[in-house]
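Hello,

Here is the structure you asked about. My notes on its cavities follow below.

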Amino acid sequence: MTTYQLEVIENTAKKDKPAQDQIAFGQTFTDHMYIMEYHTEKGWYDPKIVPYGPISLDPAAMIFHYGQTVFEGMKAYRTEDGRILLFRPEKNFERLNLSSERLSIPAIDEELVLEHLKQLIKLEQDWVPKTPGTSLYIRPYIISTDANLAVGPSATYKYMVILSPVGSYFTGGLKPVVIHVEDQFTRAVKGGTGMAKTAGNYSSGYQAQANAKKEGNADVLWLDGVEKRYIEEVGSMNIFFKIDGEVVTPELNGSILKGITRMSIIELLNSWGIPVTEKRMAIDELYEAYQAGKVEEVFGTGTAAVISPVGELNWQGKKMIINNHEIGELSQKLYDTITGIQTGKVEDTLGWTVEVK
């Protein structure tokens, strides 16, 4: 990759910042954004921090027609003493390149874009909220920009980063949710794009999620696309089960996203001496364990929620009530520890945080 000096064009028309107790997710954006261009003959070039605003694309830009795009989701956190911390950002950029490889998008220089991200956040440091539970959401993404209707990889791309202050994911506290086990629609299949963080993986789930919500469920538990039997993800999160004292999560199989929070949960539990089993899990086997009184806790994991406890699973007319609709002791401890590390309240003995200086 060709590297060029980062150009910074400051925004002279600064926005008013929202009240920190009234921040809706993903609707408010900071004063600046980051853009870098790619051309097959140049590689990645011309990195810039510019005022936040619309971009211009040709109507024939390939992103509109063939969906060649990848993205990431990460956060910056304000500590009580005013520092700004990122949580394992190198893993996000590593995964962005894995997604790009699957979508035939050229790799970025992970160290360079992390350094440029720090500079962007430093410029926007006043946008990192201070109220407990809030953070600055970071959305890096790449889109194909060639004006070309031929089916094939684009020759040009834009890598961009936008920032958005966000409130607490759980406005009413950390409460277990009701989940529908989806047996009609498919999220992803092995060999497809399920292991990549790409746009179509999310919009293709909207119909199933809307149907589930009509029946009073918060989201769906996805099963494999071949046998409709094996558990994969919950909503857009990875999922964990505590069964008869053992923590179990579906193994990465080519259709499940390699979650950064998932990885952190496994490493944290191992550091506590609690082994985690990654294996193929069948929904009927889970139900059998439930009937035997062995299913103790269920929780989803992801950047937005960190931990999202599940209080009920609905599968083919059968209800599985988890821990009397209450958050489990392990789920709470994991949530408190990871959010504590992210915000500097808990000592980071695993070296996960990166300070923006």
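Helices (H or I, at least four residues) and strands (E, at least two) are DSSP runs, numbered from the N terminus. This is a predicted model, in which local features need pLDDT of at least 70 and side-chain atom pairs count only at pLDDT 80 or more, while totals for chains, interfaces and linings use all residues. Residues are numbered from 1 along each chain as its sequence is written, and side-chain values use heavy atoms, with hydrogens and water left out.

A cavity here is a set of points, on a 1 Å grid over the protein atoms alone, where a 1.4 Å probe fits but cannot get out; lining residues have an atom within 4 Å of a point. Points are joined across faces, edges and corners, and a volume is the space filled by probe spheres set on them. There are 2 cavities of 30 Å³ or more.

The largest cavity has a volume of about 90 Å³. β5 (74-78) and α6 (260-271) each supply at least two residues of its lining, and β5 gives the largest share, 3 residues. Among the lining residues are Met74, Tyr77, Phe87, Ile260 and Gln342. By class, this lining has 4 nonpolar, 5 polar and 1 charged residues (nonpolar: Ala, Val, Leu, Ile, Met, Phe, Trp, Tyr, Cys and Pro; charged: Asp, Glu, Lys and Arg; polar: the others, Gly among them).

The second largest cavity holds about 30 Å³ of space. β15 (295-302) and β16 (306-315) each contribute at least two lining residues, with the largest share, 3 residues, from β15. The lining includes Pro176, Glu296, Val310 and Ser331, and divides into 6 nonpolar, 3 polar and 3 charged residues.

Regards

Conventions
On a 1 Å grid over the protein atoms alone, a cavity is a set of points where a 1.4 Å probe fits but cannot get out, and a pocket is an open set with protein on both sides within 12 Å along at least five of seven lines; lining residues have an atom within 4 Å of a point.
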